[in-house]
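Colleague: I am new to this structure and would like a close look at a single part. Could you walk me through one spot and then show me what surrounds it in the wider picture?

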Amino acid sequence: MNHRNKIRLLLGFEAIEIVPERHDLTILEYLRLNQGLTGTKEGCAEGDCGACTVIVGELVDGRLIYSPVNACIAFLAGMDGKQILTVEHLSADGLHPVQAAMAQLHATQCGFCTPGFVTSIATLHLNGIKPDQQSLGDALAGNLCRCTGYGPILAAAAQALDSPHGDFWWQQMSAAHDCLTIWAQDQSMLVLDGNPAGIFIKPHCLADALGAMDRHKNATIYAGATDVGLWVSKSCADLPVLIHIGDVKELTDIAMDQDWITMGAGIAYDRALSCLQQEYNSLGHLIRRIGSAQVRGRGTIGGNIANGSPIGDMPPALMALGAEITLQSAKHKRRLALKDFFIEYGKQDRAPNEILTQIHIPRHLKGQLRCYKISKRFDQDITAVLGCFYSEQDQNNIIRKANLCYGGMAGIPAHAIHAQQAMLGQPFSLKTIEHAAHEITKDFKPLSDMRASAEYRTQIAANLLKRFYADTQSEAGLPLLDHPDSLSYFTEISSYLNGDRA
Amino acid sequence: MSIKPSAQYPDGIQGGVTASLAHDSGMRQAMGSAQFVDDLPELPNTLHLVPIGAPKARGIIKALNLDKVRAATGVVAVLTADDVPGLNDVSPTHSLDDFVLASSSVRFHAEPVAAVIATSRQLARKAARLAEIEIEETPAILNIEQADQANSIISDDYEFQSGNSDHALKSAQHTAESSLIIGGQDQFYLEGQISYAIPQEYDPAGHRDILIYCSTQHPSEVQHNVANVLGVPAHAVVVEIRRMGGGFGGKESQATQWAALAALGALKTGKPVKCRLDRDDDMIMTGKRHDFTAKMQVGFDDQGRILGASAQLKARCGISKDLSDAIVDRAMFHFDNAYHMPNCKIHTRRLKTNTVSNTAFRGFGGPQGMLAGEWMIESIARKLGDDPLNVRKRNLYAGLDQAPNDTPYGMAVKDFILKDMIQSLEDSGDYWQRRAEIKAFNLESRIIKRGLALTPVKFGISFTTSFLNQAGALVHLYKDGSIMLNHGGTEMGQGLFVKVAQVVAEIFQVDSSHVKITATSTAKIPNTSATAASSGSDMNGMAAFNAASTIKSRLIEFAAEKYKIPESQVIFLPGRVRIGNDEIPFKTLIAEAYLARVQLSCAGFYKTPEIAFDRATGKGRPFYYFAYGAALSEVAIDCLTGESRVLGVDIVHDVGKSLNPAIDLGQIEGGFMQGLGWLMMEELHWDDQGRLRTHAPSTYKIPTINDRPLRFNVNLW
């Protein structure tokens, strides 16, 4: 097997090779400390504020696609074979339209978050996307600004996204595409093992990944680093072997047959969203609220399952649908129901040499799915209570299937067994739902923490069932506060989103 | 003779006062080239300091074992309280209760007890985790209730009153009681606390001078406190800051500790030392907005007009005084908000807890006081079943120079303009029509309910500690006609620098781009006050005005003498000066003045007039004037889950004659969103061990772009 021992990437428009001083060096550390590119800021070092956002270009199905990445938690070595653009690179051909609009329209105050907003908006610009207001909000909700109140930033984004690319950018994107395409043909595996602190391995195919796992029993595998990255940036953890599986071909395929969607475990939320929301609208809406654009572009469905979070957000929704998963080691492959994967808090049914490779999601279900995420903030917040409900009734309105799955209520994502029992065989009515809601208290004894008290969680778990009932009683559903589209009270928007400011 | 505008200035100067000029750093910020302290090129051999916090909230330090820290890779030095050569204190009011490093005992969780200095920040952070600290715990007092019961206070209770509150409450037709729990708030400036200390030459007296780049709203205080910590005169310490990545009060008094640690480290190692707190340490180790509890009793007539009121405000000040006395005082000054409250007594408790010392945050106690007052007003409306807006309007101060206008602290409200502002908002925002629509909606909608409120604000402008109301500026004209501006105010994003530059540009009638805006430095302007109390533009603008005006009068005097005309015939026009019947370019006049040995540099000074407050009698004029505003907000809540959303907001705000309307609109809008975050989603959660559990954006949620109301109209009055 061919190995390379240098990271190869485009920094800006220049192809460079890097032997980092540490195998777990983040993009942010590299930019600021090694390259003196200090435009990219550290606001939180945990991927939650967006001040460190850089633009990463990579090939998806042969096309060059850009996505925003939190540089503070992304390992530099994981960017092998990709392009990194920072706020500095954007003015290579004179002021970028996004930069000009941000400055002219008073969208900067203290300016510390500004480079992150510039790169997030420029990502849309590079991809040629002109989002509607809601999508623009979703694209920027991972960038926190404490000064402006966001209005001028929205105005700047709207102005900038209306302006075309100059020739410079067409040429650069074409050149980057060519370069990444050539690199993609070289299947050699990146192995950084020259540093006593640790080893970094980046395989391209599943066989290589499984082989590496067999050789390194102490390996930490990761795909998007939206969780593992924090172990290093926040907890200063020593991870002696890092295996990056985010670019393993077999893990990034999506296949569909009559009954199942089979998704590679390395599919990021963003790609899953476009596929799953067609099948299950409510699930699409839930994914929209997971993390931020930066997180949804990197974080994977597989990682969300494999890290065994007791909260979610994907496992309860997938369990409600009856999803299954495939686990694979060098010698063995098995398929099991997702609900059986979670054993207890911090413990999953996965051997150290196994990788979660596929997620199987049933299609064309006859019943109704609703996913409700309750958190202090609508966007980019860890859930306090997640309720994902699937029920199926026969022609006499008798409930034949009831999957009531919760996150945040126990040590693992879990079915509300008693509440489900209270529904099965009963008519789908308010009376049945109220009885089931009462039964929830038998199912869960949740914790109190900074996100919610046990009392709140218990009450909300029951109330979400009532919401499920009300929500499924009409075609339009309930107006939901996390869903501005459903709030028709105001069509009016701010004065200077329509016109000018002073 | 009519003078035509020159070709260079067809429309007058660019960026004089009242122009909506973009923020002076906007372009650089958008390009990533605006330098914050951590972006300054690091000098060779720069070391990195990380503080080490105590693991318990209260107790005696039995053992502080730092052997493993010292032995860790990359570690160069370790600091403890024993390394402080001067005074181990960084308190803003010299109350001697804020330690650089705690020594014998710890008083709140994560109170710094040591600091590690290493060759990289990453190695310093790793080493800091190896400290072994043994604490013999004593019971900690963690919240308002516990402190109140234990009579744990940082200062004596303080109250003032107008008239006779007790009597008025007893004799009123109606009374209502209300209470409110008001949470705290983290500043969450995007740039965390940072100081970069660089050792300079040795002074003949034997000590080493030091230069500190510090992200602070109060360079002078950092300078003086660091000098005390080092045991050197203030002239041995220079503090400089070009810009902060946000301050919001959090860098008013609490930047000092990190500057002191960096300075101690720099002197101990002889190398440049940077202390940049990571987000967790920043949120755990520095103070926040004070949380309060409030209890109110109000007596009123059938119309809801207040006859007497009494309020008891209890504030959690944390472990030390810091700025808490002034903050709680300001809560008292704002309890009346926009309403005439005769016979009003306001009693306050300033509670000491084993939590990090709470500090300044935008509004400085004012918002908490107003919130309590507004909640009391609503209690009247509920009791009478009347619309709260009616009750509000009936209780407003009378108006410009009309009675009744006496506040509970004896200051007359002479500039009251809120009646017209409220009426305007009521009309433009269709208050009554929307009220009717919402009532109808709420009858129909079982789960989602909507609500509407129109609330005014009256905010006192000035430091309530009168001597702080002073500012200095320094203006240089170079002989090529370019201008350098410096003043004691600091730039934290609020646009102070560009506003003051506009003042100077206006005086000399040049484009503001001719005015170089420079970093705040204690070496240029001494003994400044914090950039705070909504006074930055007023005070520094006036100081710069005075400096520039002095130079201008020297120029006029020179030109009149040289060209033998009366001074009244020397007139500054855009980019040029009319001298009698001739015009010469501005820069020509400056070159001539230089050759004639006219002093082209001047320091300016300003002190706010007419203010004085006597704390002993609780009477006086703490504020030079009031600023007014009003907001009409509509919200929706989900009765099944408690989720809420602000749907629409209309704001009018009085800023006087705006120096820069675009900047002011930005402040109003950003300030509103910060308040929305405070009251609707941000929550500081301490556990029963006194540990803050919401210490990073993953757990502490400030508003995102999607929390911005769908309808959001902001207008200057």
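**A close look at one threonine**

Modeller: Gladly! Leaving aside residues up to four places away in sequence, A:Thr220 touches A:Val228, A:Trp231, A:Leu239, A:Val241, A:Leu242 and A:Ile243. Please keep in mind that this is a predicted model. A:Thr220 itself belongs to strand S9 of chain A, which runs over residues 219-222. Its relative accessibility is 13%, and because buried means under 20%, A:Thr220 counts as buried.

Now let us step back to the chain around this residue. Buried residues make up 64% of the 502 residues of chain A. Strand S9 is one of 21 strands in chain A, which also has 18 helices. The radius of gyration of chain A is 23 Å, close to the 23 Å that the globule rule gives for 502 residues, so chain A is as compact as a globular protein of that length. Along the principal axes, its C-alpha trace spans about 65 × 65 × 40 Å. Among the contacts in chain A with a separation of 6 or more, 66% are between residues 24 or more positions apart.

As for charge, chain A carries 43 positive and 52 negative side chains, with the centres of the two sets 4 Å apart.

Over all chains, the count of aromatic pairs comes to 30. One of them is formed by B:Phe333 and B:Tyr409, an edge-to-face pair with 4.8 Å centre to centre and 75° between the planes. This pair links distant parts of the chain, 76 residues apart: B:Phe333 sits in helix H9 (324-333), and B:Tyr409 in the loop between helix H11 (388-395) and helix H12 (418-428). Both B:Phe333 and B:Tyr409 are buried.

Another edge-to-face pair joins B:Phe572 and B:Phe586, at 6.3 Å centre to centre and 65° between the planes. B:Phe572 lies in strand S21 (570-573) and B:Phe586 in helix H16 (586-595), so the pair ties together parts that are 14 residues apart in sequence. Here, too, B:Phe572 and B:Phe586 are buried.

Finally, ring pairs link B:Phe333 and B:Tyr409 into a cluster whose members also include B:Tyr158, B:Phe160, B:Tyr397, B:Phe416, B:Phe613, B:Phe623, B:Phe626 and B:Tyr628.

Key. Residues numbered from 1 in each chain as written. Chains lettered and ligands numbered in written order. Predicted model: local features only at pLDDT ≥ 70, side-chain atom pairs only at ≥ 80, totals over all residues. Heavy atoms only, no water. Helix = DSSP H or I, 4+ residues; strand = E, 2+ residues; numbered from the N terminus. Rg over C-alpha atoms; globule rule 2.2 N^0.38 Å. Buried < 20%, exposed > 50% of the residue type's maximum accessible area, 1.4 Å probe, protein only. Contact = heavy atoms within 4.5 Å. Lys, Arg positive; Asp, Glu negative; His and termini not counted. Charge placed at Lys NZ, Arg CZ, Asp CG, Glu CD. Phe/Tyr/Trp six-rings, centres within 6.5 Å; stacked < 30°, edge-to-face > 60°.
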